[in-house]
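Let's walk through this model together, starting with the overall fold and ending at the ligand. Have a look at the chain first, and then read on.

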Amino acid sequence: MTTPAVPALPAAVLEAERRAVERSFAQSCCAPTGPLLAVLAASVRPGGRVLELGTGVGVGTAWIASGLVGREDVEVVTVELDEELADAVRATDLPVTVLTGDAVALLPGLGAFDLVFADALGGKWTGLDLTVAAVAPGGVLLVDDMDLGRYHSPEDRAAVTGVRETLLGHPALVSAELAVGTGHILSTRRPA
Ligand SMILES: C[S@@+](CC[C@H](N)C(=O)[O-])C[C@H]1O[C@@H](n2cnc3c(N)ncnc32)[C@H](O)[C@@H]1O
């Protein structure tokens, strides 16, 4: 029996991983978050919108873009607080809009999205209500780093417990916990 071939990493993901090495940036998403993002992005409706909170060096952004090859109809917006990181991703040929600023401050002006990847403290540990409000009816929200075992200080554990309880108990969301990688909660907003 032959072993099935593992698909090669998308070139844009490899480029982003090189930016991470150059900057000693260790916060990029990793498997299985990246491929999951590509799958979720590929399922976004025609003319839909995708939002990433926390661009980093663009690894997650590149995975999202890899699910949207040939889908110029889908808008991708990514928000990064750190100007240098935002500029580095803006300088790539990823077909995304990179906004520099605090996600919590920007969220109220961004509108609704069919897929939201919340991967920054802003919009997750703080301002989670704004992130949930930015998910369109029928849209999907992916939140990573939800494994409580990763956190040791009482403050961090309390913050993550709050995020978990909000997402898993939110009346407008249907949520599932995916206990893989850093721990994920995947939610969809009930149709209005
Ligand atoms: C975990 S990293 C993002 C990794 C990226 N999403 C990926 O998948 O590779 C979190 C990023 O969020 C940024 N960040 C932190 N607080 C933020 C805020 N309030 N608004 C926007 N970005 C923020 C950090 O500078 C950092 O680059």
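Helices (H or I, at least four residues) and strands (E, at least two) are taken here as DSSP runs, numbered from the N terminus. By that rule the chain has seven helices and seven strands. Read from the N terminus on, its elements follow the order α-α-β-α-β-α-β-α-β-α-β-α-β-β.

Before going further, a word on the ground rules. This is a predicted model, where local features need pLDDT of at least 70 and side-chain atom pairs count only at pLDDT 80 or more, while totals for chains, interfaces and linings use all residues. Residues are numbered from 1 along each chain as its sequence is written, and side-chain values use heavy atoms, leaving out hydrogens and water.

How does the overall size fit the chain length? The radius of gyration, taken over C-alpha atoms, can be set against a globule rule of 2.2 Å times the number of residues to the power 0.38. For 192 residues, a compact globule would come out near 16 Å, and the chain agrees because its own value is 16 Å. Along the principal axes, the C-alpha atoms fill a box of roughly 45 × 40 × 40 Å.

Now turn to the loop between helix 1 (11-23) and helix 2 (33-42), where you will find Pro-32. The peptide bond leading from Ala-31 to Pro-32 is cis, with omega near 5°. Ser-24 is in the loop between helix 1 and helix 2 as well, and it has a positive phi of about 50° although it is not a glycine. For context, most residues other than glycine have a negative phi, and most peptide bonds are trans.

Finally, the ligand. Counting residues with a heavy atom within 4 Å as near, there are 21 around it, and Gly-54, Glu-80, Asp-102, Ala-103 and Asp-119 come nearest. Helix 3 (59-66) and strand 2 (75-80) each supply at least two residues of this shell. Some polar contacts, meaning pairs of N or O atoms within 3.5 Å, are worth a look. A polar side-chain atom of Glu-80 lies 2.5 Å from a ligand oxygen, and a backbone N or O atom of Gly-54 is 2.6 Å from a ligand nitrogen.

Key: Polar contact = N/O pair within 3.5 Å; in protein donor to acceptor, adjacent residues only side chain to side chain.
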